[in-house]
Every structure is written in C-alpha cells, then in structure tokens.
Protein chains: 4
Amino acid sequence: MAKPRSSEKRNKIFQAGLRLFAQNGYSKTTIKDIAAEANVSFGTVFTYFENKEELFHLCVTEPIEEFRNYLLETSGILENFSLNKLKEIVDEHVAYFLEKEDYLRVIQYVIGQPERFPEMMEELDQFSDEFMSFIQDIVKTGMEKGVLPEGNPEEVGYGYLAFLMGARLTFTDHANVQLTNAFKNQALRLFGIVV
Amino acid sequence: MAKPRSSEKRNKIFQAGLRLFAQNGYSKTTIKDIAAEANVSFGTVFTYFENKEELFHLCVTEPIEEFRNYLLETSGILENFSLNKLKEIVDEHVAYFLEKEDYLRVIQYVIGQPERFPEMMEELDQFSDEFMSFIQDIVKTGMEKGVLPEGNPEEVGYGYLAFLMGARLTFTDHANVQLTNAFKNQALRLFGIVV
Amino acid sequence: MAKPRSSEKRNKIFQAGLRLFAQNGYSKTTIKDIAAEANVSFGTVFTYFENKEELFHLCVTEPIEEFRNYLLETSGILENFSLNKLKEIVDEHVAYFLEKEDYLRVIQYVIGQPERFPEMMEELDQFSDEFMSFIQDIVKTGMEKGVLPEGNPEEVGYGYLAFLMGARLTFTDHANVQLTNAFKNQALRLFGIVV
Amino acid sequence: MAKPRSSEKRNKIFQAGLRLFAQNGYSKTTIKDIAAEANVSFGTVFTYFENKEELFHLCVTEPIEEFRNYLLETSGILENFSLNKLKEIVDEHVAYFLEKEDYLRVIQYVIGQPERFPEMMEELDQFSDEFMSFIQDIVKTGMEKGVLPEGNPEEVGYGYLAFLMGARLTFTDHANVQLTNAFKNQALRLFGIVV
DNA sequence: CATGAATGAGATTTCATTCAT
DNA sequence: GATGAATGAAATCTCATTCAT
C-alpha cells in the first residue's frame, strides 16, 4: 500500500527517527522509542512507513537533496572568484556541517557499514563525488586567478570533505563557538590559505 | 568470577570481536558471529569475557595504550625540531590512522553515542586531550623555531585530529595509495605548510 | 447497530469473503484483502458486517439454505423410484459438490475445528443429518422396490456424504470431466449399483 | 545453524505441533501454544525448528514415509489375490485413516491451499499418485482373477482415495465403532463388492 | 575449560476495529 | 454511507545469558 508522502505526523515521525538513529544507531533505536519521541502511537509509525528499514532509508536519502541545494547553490563563486568569497563559502560549509549533526551521524552510520546498505551507499557516493568536484573547480579557478597556491585540486577535495566530516563527528560539543572558529581557520589552510 | 587475561583463544575472540563490531556495530554483532569468526565454540566466549558489553568495552579501551605509545612515542621531535621530522611524523600518523580502520570505526561508534557509554567516552576524551596537547606542543615549538607560520596551536590540534578521523572514516577504500598521499599533503597544510 | 441485509455492495463483499476464506482460511484472510477483492474501500466492510467473525459466520450459514433446497428438492424421487432417477440425482449431487468448491472448502474449515466454532458446527451437523436422512430414505425405498441390493441404509448415508466431501476436497483440479465421471460411477457403487 | 534431528524434546514439540495444527490450522496455532502443549519453554521450539513454517512443513512431510510404508507394505496381495485379502487390506486402510486424524487434518489443510505451500503439495501429490497406482493394480488383478467385477481401475483409485479422506474429515467422532464398520462396508462397495 | 541446549525478555510487524471527517 | 488514519494487542523471531554435562 502506498504510504502518504507528507503530513504533519509523518514529519514528526521522520524527525524523531532521524534524531534517534543519530543518537543510538539503527539497531538500538526501537520503533517504540520513535513513536514516543514523535508523540504518536506505536502503530502510527507503520501508517507512514512500511517498516523500520524504510524509515531509516528515507532518513538517509531524503535530506540529500537539501544538502545538495545548500552546499552547491553557491556555485556563482566561480564566475567572480575572490578570497573573500571563498572564505564566505567555507564559513558556511563549516557552520552547516556543525549544525547538521544528526544527519551527519546517520550518514556516518551508513558509510561505516557499506555492505549492509549498498543502495544507500551508492546515493551517498554520488553526492560526495558531486561535492568534491565542486571543490576541485573552486581550487582550479583559484589557482588560475592566482588567489590560491599551486596544489592538486583532487587532493584538496578529498581532504576538505574528510575534514568537514571529521570535524562534525569527532567533537560532540554541540555548538562551541571556539571550535567553530578553529575549524573555519583550519579549513582555509586546506586550501593553502594560511591566515 | 575472574576471567583469564591472556591466552591464544582470548586473543582470537578479541580480534574477532573488534573486526565484527567495526563492521556491524555493537547491536548487530552477535556472540554467535564472534564465536564463529574466532573459530571457537559459542560458550567459550563467556569463558573469557563476562558478557558482550565487557568484550566491547575492552575492544575500545585495550588498544588505547598501543595507540598512545605509537602516536606519542615520537615526542623526541620537540628537542630537535625540523620540517623533515614533522613530515615524517605526519606521514606516520596518516598511515597509522588509515591502517587502523577497524579500531577507528569502533571508536567512532562510541563517540557517536556518548550518552550510552559514558565511561568509555571519558577514556577516549582523555586520550584525545593528550594527543591534541602533543600536537599543540609541536606547533608551538615549530613557531618558535620559525619553521611553522604563526597560528593558534589549539586550533591546529582540533583540526588535525578531526582531519585524521574523517580521513579514515569518510573513505572506505581500504588502502589507496593516491588517497594516502592526498591526505599526507593536506595534513601538512593544516600545519600551515603548503608544499 | 443493525447492518443492511442486502445490497449490491454487501453481496460483493460476501462473495469476496467466501472466495478468500476458501482459499486462505479464516486467519490468513484479512479485511483489507476482502475489501480489495470486492473493489470496495476498507471501512465499507464494516458498514455491512459487524466484524470479521460475523462475516465468516454468515459465509458458512447463509448458503446452507440454498444447499438444502438444491440437494433435497428432488425428494419426489421417493414416490416414483427408479434406477434412472437415482442416477440422475447422484449425477446432480456429484456435479453440484464439484461446482461448489469455495463453499465446501469453507465448510471443511469449520468442520476441521469443531471446538472453535461450535454454533456453526451445530447448524452444519443439522444439515448433514437431514441430508443423510434423505439418502437413507432413498436406499430404503430402493431396497423395497428391489432396485437396490440389500444393505444398511445408514451406512450408505455416511459413506455417500463422506465420499462427496472427499471427492471435492481431495482433488483440486477445478473441473475435470474425467474425474467427474469417475466420481459419478463410484458414487453409484456406494448404493450397490455396479455398472 | 543445523537443528538436531532427533531427541525426546524435539519429538514432543513435533507431536504438539501436529496436534495443534490439526486442531486449529496453521495461523491460529501459536508457537506459545505449541511450547505449552509440549511442556517446553517458548525459546526451545526454536532450538529444534528454524521457524514456525519449517515445523509445519516437517509435520506434513515427515510422516509421509510412515504412511507409505504402512499403506503399501501389503503389496504381497497381488501375488496371492483373494477376496478375503482385499477385505483385510481395506479394513486396515479404513482403520488407519480413522486413526490418523491429526495427520490427515494437517494434510487437508495443505491440499486446501495449494498455492500457498507448493513444495508440500508436490510431495503429497506424489504420494497420492503412488497410492492410487497401488489401488489400480489391485483392481486390475482382481478383475483378471474374476474376483472383482469389470470396471475402470483408475476410477476406483480416485474414488477410494476420496472416500478415505472424506470419511476421516467429514465425521469428527473420534472413534465410533458403528461408523468404522459403515466405512469398511462402503469402501468395499467402491471395489464393486456388495456384501 | 569447553560446549551448546534451554530460557524468556524484547524487538518488529500485522491487522481488526474505532471513529472523525 | 463511505473512507482510511490511528491504535494497540498479539504473534513471530532473535539473542544474551545460564548452567548441566
């Protein structure tokens, strides 16, 4: 049976799932917990989601689109490149990664068990390719304009993504200003900018 | 009842547990799986470990000592600092982090659920403090000797640890030479060294 | 709340229920399945039937009347008994039993669980008594007129009913001409007529 | 994991399953019920059987062998055919079918839902073919020796099997002497023997 | 020490039924 | 009357742990 795709309740359940999957992982999170967190009865979860795995799957894949829009929408940078613009973008990236703690934890959970969720891995890999390609374009443009030092754009892409993930996942202080600044500065260093 | 602390069988079970916890997380990993992976009978696991949680706990905490020794034993660097020495150390760090995939996944699992395993979190936090302090000392020394550019040593510490974790956890290619070099170069950039 | 006793929709639901109960038994058949098979919405089933058990109960008991009419209406046979008339009746019985596959499966389901549906069992028992009594009358008349060999009319009644039920329930080929003829001939043998 | 194939407990569970599946059908019978009937804890059922369906499957297929041995072992009849021998065999068949109530109910359950358990249907069909072929041989031999009247052996086979099944399934009095005799006599009539 | 049968708590999932729209 | 979202009881199955052999 087709499940309703949007409704206030569905959204509450979805957010509850995201939060709890992030906090406790997939197996430890129970449907009962999710229902309670969403202030919804047990059976209602199954009104909106076929089963636990589907809910998890959607928690992983649905936000990708938003992620894509947010992270790549700033591609105007390429036409009018400048150091300041780069700083702005990096600041936004860092802030966004630090803010999306729940979602990134869930993603990490999937990446950590690639054989278990191959379909989801593929979607995530595709997105990470897009993101790294975007970074590489920035690096290339920056080098051409003489704003960034010589370097291997691919390496910067890898390093930058790893850094953003690690920053969010390694430190669990939810929003520490000092930490945020540290990461913003260090992220710039990965582009070769030493402030 | 006191459990034997070392024996060939205990070690096989321990390694099997580490591998499977890394691959599937805590809940998905069953004692039966561990016993099979260790080529040991089901009940034998309980001969060497009180229960599943204790085994997991030990998988997280026992290797910390080795980690500590390996990562910090190179502290001779401070007395005789040079760019080449820094490069060597960074190379080793990157290589070591990439090699210890299983262990780092397990650690990440714990860090991702800080409320669930508070005791283990504390031990890990302590180690990460030590490691960052080590890095800060390097940065301070490097700046004093004019080998490293001015910067905030604390920020470098945060960024470097985040980077190492993210590098290992974001990319699942088990051992990619190209990737390894990328990470080595990028890690140096976090110290302000642009090659 | 009184439920409507007849309507096109009610009938569609009833037939759908009969078909599915016959195919999958009581527990495996869901209201959702019945609604789908009847091309009716889920809640509508409850507009016409108090609950699942009532629908099942009615599927078992409502058709008894039709069964009674069909099987016993030929009682004119007694007044004008002949071998040909017996053959006609037996042919009709066999054909009718083979045709009413769904209903007979449902009946068998109830007979197979006598403690579970005692009320329905009683109604079915009553009908089977009537039917056997009808057969016994035929046998008695046939013996008196010298058309049938000596025998125990009660035994023929038991055997004949058992045979008709078994014929329908043991062979699942829906309508096999060869099988039908076989059963017609064998049914006559139960009356002592060897063709 | 391979399950133990024989043990006192396994047998108790098996018999309990057979009894309850016969009484309540597959869906209504719960593992809890089976465990209670077998005087065994809930989880122990899963020590001996993979899951509910496997237990049911085995309840259907395991006894076939015994059935085969019992029903066909009397094939010596063909070499030394006589009316008395036929009577003996028929008596045994009737008695055996009436005795094996549980098992026959379970078989009937499967035959009634042929699409649901295709694998089991196949095994049952094979056995019923063997049995009917055995009956046909008897009829042929009996006709050749002039002991049985002319007739179609195939038809007798169909009719006889249907009759035995129906006899057991239509009447739920567990062991009624009068009924037994009725069925023995009527069964002979299917062979063309009118006593 | 080593083993694996026994146990039952706890998780997922199904589905009859209610009831507001 | 018709609909289908909401509910929670009840079923199956998993698995850590115990303990007799």
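Predicted model: local features only at pLDDT ≥ 70, side-chain atom pairs only at ≥ 80, totals over all residues.
1. Chain A has no contact with chain D either. Here the closest C-alpha atoms lie 21 Å apart.

2. Chain A on its own. What is the fold made of, helices or strands? Chain A has 9 helices and 0 strands. Along the sequence the pattern reads α-α-α-α-α-α-α-α-α. The C-alpha trace of chain A spans about 60 × 35 × 30 Å along its principal axes.

3. How chain A relates to chain B. A rotation of 179° superposes chain A on chain B, with 0.1 Å of shift along the axis. The RMSD is 0.1 Å. Which residue of chain A comes closest to the rotation axis? That residue is A:Gly166, with its C-alpha at 1.9 Å. Both copies use the same surface: 98% of the contact residues of chain A recur in chain B.

4. The area between chains A and B. Together the two chains bury about 3,600 Å². Carbon and sulfur atoms hold 58% of that area. On the side of chain A, the residues that lose the most area to chain B are A:Glu155, A:Tyr158 and A:Arg189. Together they make up 16% of what that side buries.

5. How chain D relates to chain C. Chain D is superposed on chain C by a rotation of 180°, with 0.1 Å of shift along the axis and an RMSD of 0.1 Å. The two copies are thus related as by a two-fold rotation axis. In chain D, the C-alpha nearest that axis belongs to D:Gly166, 1.9 Å from it.

6. The interface of chains C and D. In this pair, 48 residues of chain D are in contact with 47 residues of chain C. Chain D and chain C bury about 3,600 Å² between them, with 58% of it on carbon and sulfur atoms. Which three residues supply more of the area that chain D buries than any other three? They are D:Glu155, D:Tyr158 and D:Arg189, with 16%. Of the interface residues of chain D, 98% are also interface residues in chain C, so the copies meet through the same surface.

7. A helix pair inside chain C. Two packed helices are described by the angle between their axes and the distance between the axes. Take helix H5 (residues 83–99) and helix H8 (residues 153–170), both of chain C. Their axes come within 8 Å and cross at roughly 40°. That makes H5(C) oblique to H8(C). The crossing of the two helices is right-handed.

8. The residues at that crossing. H5(C) brings C:Val90, C:His93, C:Val94, C:Phe97 and C:Leu98. From H8(C) they meet C:Tyr160, C:Leu161, C:Leu164, C:Met165, C:Ala167 and C:Arg168. How do the residues of this contact divide into nonpolar, polar and charged? The division is 9 nonpolar, 1 polar and 1 charged.

Terms used: Residues numbered from 1 in each chain as written. Chains lettered and ligands numbered in written order. Heavy atoms only, no water. Least-squares fit on C-alpha atoms with pLDDT ≥ 70 in both. Contact = heavy atoms within 4.5 Å. Axes fitted to C-alpha atoms, helices over the stretch in contact; angles between N-to-C directions. Helix = DSSP H or I, 4+ residues; strand = E, 2+ residues; numbered from the N terminus. Parallel < 35°, antiparallel > 145°, perpendicular 65-115°, else oblique. Left-handed = near helix turned anticlockwise from the far one by under 90°. Nonpolar A, V, L, I, M, F, W, Y, C, P; charged D, E, K, R; others polar. Buried area = accessible area lost by both parts, 1.4 Å probe.
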